[in-house]
Amino acid sequence: MPSMFRTTLQGPTLGYTHVPPMNTHGFGSAQPQLHLPYPHGVTAMQPPTNAGPTPATFHGQPSSTTQGAMGGNSAPGSVSLPVDAFGTLSQPGPGVVLDPGPPLLPRSSAEQAVLFENTSPEEFRAILREMEVQIQATTKRLAEHEEHTASQITDLVNELAELKIAMSEGAVEGSRVRDDGISVNDHPTLKDAIHELAWHFIGLEDYRKSKECWAKLGELRPHPNGLAMEEINDGESQRFYPNFRSGMNHATNQVFIKALANQAYDNETRFRANQGGQIKHGWKTLPDASYNLKVMAAVAEEYWISLARRWRERQSPSGIQRRKDTDLKNNSRSRRHTKNRNRMRMAHLVERLYGLKGAASLCVTDYASSQYSEKSDGMTTDSRARRQAQGCGRGGKRLQSRLWRRRAYVRFLRFLDYLLALEQQCKLSRLEGVSVLKEEDQINKKKREAKKSASDVAPEGSRPAKRARVGNSGEATGPEISKLIKEPKKPRTVAKSFYQDAWANGDARPPQSTGKNPRAPYEFMVRRTWLREHEKGGNFLEMRPASELPWWGEFEITDDMLLPDDIALLNEIPDSEDEHAGEGVGGENN
C-alpha cells in the first residue's frame, strides 16, 4: 500500500511517491514527486525538460530535503502545509507535479453543480443532514462561548470597579485601619447598629438574617430615574438606592453613607437625652468612643464597601462560585481555630494539673490543627465505611491527618480531645486535683483583693496590664480553673460533624508557620523518617530543641486517657525501628 499523508488543509488526500537515488555524483537522492490537487483555474504544469528521464518510482518515505520543506520533523501520517502552500506551489520546483482534481473551494453555483453532478439525491440529502448536525453543534458551541465570554467581561468590569474604589480610598486589602486612624473593629456595637440601619434603608430588613439575604442584595438596582432616595409609606420612611457598581464617591452612595451616619448619631443622641420618641431597630447604648459622627461615617463607609463587594459577586456565576469557595474556606478555618482554642484551654489545665510547663506551646494552630475537607466527591469505600462506623452523618466533614506528625505528638493532642469530651459530660471537674486548684484560686483571689491599692489602678482610657496568677508558692499558675473548665449545666452528647479518615490519606504538606510571628516546631513533633525523606531534596526544617520542654518523654498517656477512635488512628501511624528513643508521651516516639 502506498504511504498516504493527510494534509491539514481542507481537500483530498495527497498521493506521495518517492524517487530513488539517481544522482551519480554521490550527493544523495533526487527530489521526490508530490502529486497535489491544484486550485480551480490553475492548469497542470509539467516538470522541466532538464529534469532528466522519468525514473521508475516506488512508494516509500520522504527524504530529509522534503521533510524540511514540509514542516521539519513531521511524523509519517501528517503533513503540515502553510496556509499559502498553493501560492508557493504555483511556481513548482524540480520533481513537483500538480495533478488535476476537483476544485477545493467552489466559487459559484455552477461549480457546485459540477462537483455534485455524480452524486445521487439520497447521498446529497445525507450530506445535507450531516451538515445540519454540524451546524447545530457549532451553534451550540458558539452560544456557550458567548455566555462564557460575557461572564468573563462581567468579572473584569467588577474587578475594575473594585480597583477604582481601592485606589480612590487608598484602601489596602485586609487592612482595617484607615488613613484617618479609625479602626472600625474597635467599635463592634456601632458596627451592628450600622448593619441593621443599612438593611432597613435598602428595604431588605426582612431578609437580613435569612439565607436569601445576599441573593436579594444582588437583585438591587439603581433607581430608574437616578434618584438616591425616595419617600415611601406616605413619607413615614425612606428608601435608598445606592449604586454598588460605582465607586464610594458617587453622589447616590454618598447620600446613603451620610444618611446612615446621621441616623445613627440621631438615635444615640435621643437615647442618651432620654427624650422619648421612637428609637429605631432596638437601639443599644453605644460606648463613648463610638458616639462620634466622624467615627460613625467611617464605619458606614466600610460597611458600604462590604455590601458593594458582595453585590458585585452576585452579578455573575463565577462570582457566586468564588464566594462559595471563600465561605467554604472560611468555615473550615473557623472550625480549626475553634478546635484549637478549646485545646489551648485544656493545655493550660494540663499545665496546672500536672505541672507540665509550656504544654500550651504545643497547640500552635499551624501545627496542631488538622485539615477539614469539605467535599465528599471521590470518596473511597474505606472512607465511607469509616464515616459510618464513627457515627458521622452523610454531610460530615473529613478530618485529615498530617503525615509529618510523630505518633507521640498526635497522642498528646488526642489526650486534650479526651479532656474536652469529659467537659461535655460534666466529668472534667471531678478529676483528681481540680478541686484543690479551685481552692487555691479562691485563696489567691482574696490575697489580690487585700493587696489592691490605688497604684494598681490603670490610668483612665487604658487597659490594665495582664498579670500572671500567682499561687501559694509564689510561682505563676496560669489562668483560673473557673475560666478553663466550661462545663454545661447537664451532660450532653455532641453530634459528630466530622470523621477521622485513614492516616495514609493524610495531608502531605510540610509543617509551616504562616503567622506574623512564625514559630518553629519542636523536634519531637516531626517524624524522623519523614524528616530524612524531606531533607533529601535539600529542604531543611528549622526546629526547636526538645530541651525546652524537659518533661516531654516522662509524662505517660495511657490508652484509658484516649477515645477509642483516636486509639485506632494511633495504631495506623507507621513505626520505625530507630524511633523508640525518648519513649514517654504515647510510647513510640515516631
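I take a residue as buried when its relative accessible area is under 20%, as exposed when over 50%, and as partly exposed in between, with a 1.4 Å probe and protein chains only. The model is predicted, so I note that local features need pLDDT of at least 70 and side-chain atom pairs count only at pLDDT 80 or more, while totals for chains, interfaces and linings use all residues. Residues are numbered from 1 along each chain as its sequence is written, and side-chain values use heavy atoms, with hydrogens and water left out.

Entry on Arg414. I located Arg414 in helix 12, residues 407–424, where helices (H or I, at least four residues) and strands (E, at least two) are DSSP runs numbered from the N terminus. Is Arg414 buried or exposed? Arg414 counts as buried because its relative accessible area is 6%, under the 20% limit. I then found a polar contact of 2.8 Å between the side chains of Arg414 and Asp566; such a contact is a pair of N or O atoms within 3.5 Å, where within protein one must be able to donate a hydrogen and the other to accept it, and residues adjacent in sequence count only if both atoms are side-chain atoms. Leaving out residues up to four places away in sequence, I listed Arg343, Leu399, Gln500, Leu562, Asp566 and Leu569 as touching Arg414, contact meaning heavy atoms within 4.5 Å.

I used a 1 Å grid over the protein atoms alone: a cavity is a set of points where a 1.4 Å probe fits but cannot get out, a pocket is an open set with protein on both sides within 12 Å along at least five of seven lines, and lining residues have an atom within 4 Å of a point. Grid points are joined across faces, edges and corners, and a volume is the space filled by probe spheres set on the points. I counted four cavities of 30 Å³ or more. The second largest cavity holds about 50 Å³, and Arg414 is one of its lining residues, which also include Arg402, Arg405, Trp503 and Leu569. For the largest pocket I noted about 1,100 Å³; of the 35 residues that line this pocket, Lys339, Asp417, Ala421, Val494 and Phe498 are the closest to its centre. Helix 9, helix 12, strand 10 (498–500) and helix 16 each give two or more residues to that lining, and helix 9 gives the most, with eight.

Entry on the cores. I defined a nonpolar core as a set of buried Ala, Val, Leu, Ile, Met, Phe, Trp, Tyr and Cys residues joined through side-chain atoms within 4.5 Å. In the largest core, of 49 residues, Leu362, Phe412, Phe415, Leu416 and Trp551 touch the most other members. Among the helices that supply at least two residues each are helix 9 (317–354), helix 13 (434–451) and helix 16 (564–572), but helix 12 gives the most, with ten. A second, separate core of 34 residues includes Leu197, Ala198, Met248 and Ala261.

Entry on cysteines. How many disulfides are there? I found zero disulfides, taking a disulfide as a pair of cysteine sulfur atoms within 2.5 Å. Cys392 is buried at 8% relative accessible area, and Cys426 also counts as buried, at 11%.
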